[in-house]
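Please examine the structure shown below, together with its sequence.

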Amino acid sequence: MSEAEKTSKKGSFFKHVKAEFKRCTWPKKDELIRQSSLVIVVSVILGCVIAGIDWLIRMGMQVIGL
C-alpha cells in the first residue's frame, strides 16, 4: 500500500469520526448533572454496603478465632 493511500485512509477515518459525533445526541446540562449525581450517590451507597459486609466478615472471623 502506498503512502498516499495510507494518508487518504487516515483522513477518511477522521471524517467518519467527525460525522458520527455530529449524529450523536448529547445530554442537556441539567440531565447530565442529574445523572452524574445519581452515579456518585449510588457509588457511595454501594461502597458503604461493601465496607459493611467486609466489616461483618472480619468481626465474624475474629469471633471464631481465625
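The explanation below begins with some conventions and then turns to individual residues.

This is a predicted model, in which local features need pLDDT of at least 70 and side-chain atom pairs count only at pLDDT 80 or more, while totals for chains, interfaces and linings use all residues. Residues are numbered from 1 along each chain as its sequence is written, and side-chain values use heavy atoms, with hydrogens and water left out.

Consider the charged side chains. A salt bridge is a side-chain nitrogen of Lys or Arg within 4 Å of a carboxyl oxygen of Asp or Glu. In one of them, Glu-20 is joined to Arg-23, with the closest N and O atoms 3.3 Å apart. Both residues belong to helix 1 (residues 3-23), where a spacing of three residues separates them by about one helical turn. Helices here are DSSP runs (H or I, at least four residues), numbered from the N terminus. Accessibility is described in classes: buried means under 20% relative accessible area, exposed over 50%, and partly exposed in between, with a 1.4 Å probe and protein chains only. Glu-20 is partly exposed at 41%, whereas Arg-23 is exposed at 61%.

A salt bridge also links Arg-58 with Asp-54, again with an N to O distance of 3.3 Å. These two residues lie in helix 2 (residues 29-64), four residues apart, which is about one turn of the helix. Arg-58 is partly exposed, with a relative accessible area of 43%, and Asp-54 is partly exposed at 40%.

The aromatic rings come next. Rings of Phe, Tyr and Trp (its six-membered ring) pair if their centres lie within 6.5 Å; planes under 30 degrees apart count as stacked, over 60 as edge-to-face and the rest as tilted. The count comes to two aromatic pairs. The ring centres of Phe-13 and Phe-14 are 5.3 Å apart and their planes meet at 70°, so this pair is edge-to-face. Phe-14 is exposed, at 56% relative accessibility. For Phe-21 and Trp-26, the centres are 5.9 Å apart and the planes are at 15°, so the pair is stacked. Phe-21 is partly exposed at 47%, while Trp-26 is exposed at 57%.

Finally, which class of accessibility does Ile-50 fall into? Ile-50, placed in helix 2, is exposed, with a relative accessible area of 52%.
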